[in-house]
Amino acid sequence: MKKIYFAAASAVFLVIVFLSVGLIGEIGDRVKNPQKYEKNTTDSHEDSHIAEKPKTEDFFHAEKNPVESVSETDEETAFIIEDGILMDYVGTQSYVVIPDNVKKINKAAFWSKDSIEGVVISGSVTEIGDYAFWSCDALRYVHFEEGVQKIGDTVFWSCPSLKDVNLPTSIKEIGNDAFANCDALTLHVPSSSYAQSYVNQNRLTHDNVYAEYTEISGKIINPGQYSYGTFTEFEIENDISFIGARAFEYCERLTSIEIPSSVQSIGGQAFAYCDALSLVTIHEGCEEIGDRVFEYCPRLSDIYLPSSVKNIEPRSFSYCSTDLTLHVPKGSYAEQYAIEHNIPYVNDYNG
């Protein structure tokens, strides 16, 4: 009889052990693979939910996410449009025309799209969301067709190459800091319009004549192309015609740079934050030095500027060395610039 009781007890014990092992295994599996045990909640209410875009502060420290680009022949598919709202652009064109079926450009839709140089906002668009073109380094030209009514907050914040924006009479609202940190910008506005009142109130550079888009000819160094480089020397090729915005920004070991005569223009912040940069030589041929090109170069002591230079933005040499000296031809625009901005200069350079 004892043997029978013992056998029965043993069987019960083994069943308990097997059940326990199974339960433990399931618990472990739940921890490793929780999605297997989640309740299916895809009802009609949740299916209709659309996740919001990140908030403005999410972009301050965000990296530029790599996006699979499209070929020029597929440019029409480069616009991601949902219910008339342009959500994103994944194309590679330098000149972009917003399609006529777009009613609104969503916030951050073109955030940091560095390939874009010119944009035409079609008249079908009535509103542009906050920070839609935030930090587009190569953006130089924007034309708004009649129909656009609202430009959101910080839409063109920190576009260092932005020079010309044409605003229509249909504009009724422009948000806070819409053109902040675009120091080379001229706004072209209709007389007696809301846009005219806006530029007057905010003391922005403007006129009443629309600008035309012009392509950059020749070979260029793209915006941000060599930024954060660790080299101490760099030779710019003789066939380069344009140095893009932020092209050498944060090249903290670069000690000197020579700009060949083929270069006609230097984009905004092209050499900003180059801590070791002490000597810059720009040869005859360069006509324009963009906004904050050499800003925060604390060791920059000598810059040679040729007579061909016709425009230097006001903050091109902000926060440079207190020993900065401009070497300029006598009677040149560069000399006049040095005088107006109280920068020491000497007449010992002819390009």
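Two strands pair if DSSP finds at least two bridges between them. Helices here are DSSP runs of H or I with at least four residues, strands are runs of E with at least two, and both are numbered from the N terminus.

Before the details, the ground rules. This is a predicted model: local features need pLDDT of at least 70, side-chain atom pairs count only at pLDDT 80 or more, and totals for chains, interfaces and linings use all residues. Residue numbers start from 1 along each chain as its sequence is written, and side-chain values use heavy atoms, with hydrogens and water left out.

Six strands make an open sheet, in the order 3-5-7-9-11-12, with parallel pairing. Strand 3 (95–97) and strand 12 sit at the edges, and each pairs on one side only. Inside, strand 5 and strand 7 pair in the parallel sense over four bridges. Take Val-120: its bridge partner in strand 7 is His-143.

Now helix 3. Which of its residues are buried? Ala-195, Gln-196, Tyr-198 and Val-199. Buried means under 20% relative accessible area, exposed means over 50%, and partly exposed is in between, with a 1.4 Å probe and protein chains only. These four cover an arc of only 160° around the axis, so they lie on the same side of helix 3. The arc is taken from the directions from the helix axis to the C-beta atoms. The buried residues pack against strand 10 (173–174), strand 11 (186–188) and strand 12 (206–207). Just after helix 3, Arg-203 has a positive phi of about 55°.

On to the cores. A nonpolar core is a set of buried Ala, Val, Leu, Ile, Met, Phe, Trp, Tyr and Cys residues joined through side-chain atoms within 4.5 Å. The largest has 41 residues, and Ile-98, Ile-105, Ile-121, Phe-133 and Phe-156 touch the most other members. Strand 2 (85–89), strand 5 (118–121), strand 7 and helix 3 (194–202) each supply at least two residues of this core. Helix 3 gives the most, with three. Look at Phe-156. Leaving out residues up to four places away in sequence, its contacts include Phe-133, Leu-139, Val-142 and Phe-144. Contact means heavy atoms within 4.5 Å. Apart from this core lies another, of 37 residues, among them Cys-251, Val-280, Phe-294 and Phe-317.

Next, aromatics. Phe, Tyr and Trp rings (for Trp, the six-membered ring) pair if their centres lie within 6.5 Å; planes under 30 degrees apart are stacked, over 60 edge-to-face, the rest tilted. The structure holds 25 such pairs. Why does Tyr-226 with Phe-248 count as stacked? Because the ring centres are 5.4 Å apart and the planes meet at 20°. Tyr-226 is in the loop between strand 13 (219–221) and strand 14 (240–243), Phe-248 in the loop between strand 14 and strand 15 (256–259), 22 residues apart. Phe-248 is buried, at 0% relative accessible area. Phe-231 also pairs with Phe-248, edge-to-face, at 6.4 Å centre to centre and 80° between the planes. Tyr-226 is partly exposed at 26%, and Phe-231 is partly exposed at 22%. There is an aromatic cluster too: Phe-79, Tyr-89, Phe-110, Phe-133, Phe-144, Phe-156, Phe-179 and Tyr-198.

Last stop, Arg-140. Its place is the loop between strand 6 (127–128) and strand 7 (141–144).
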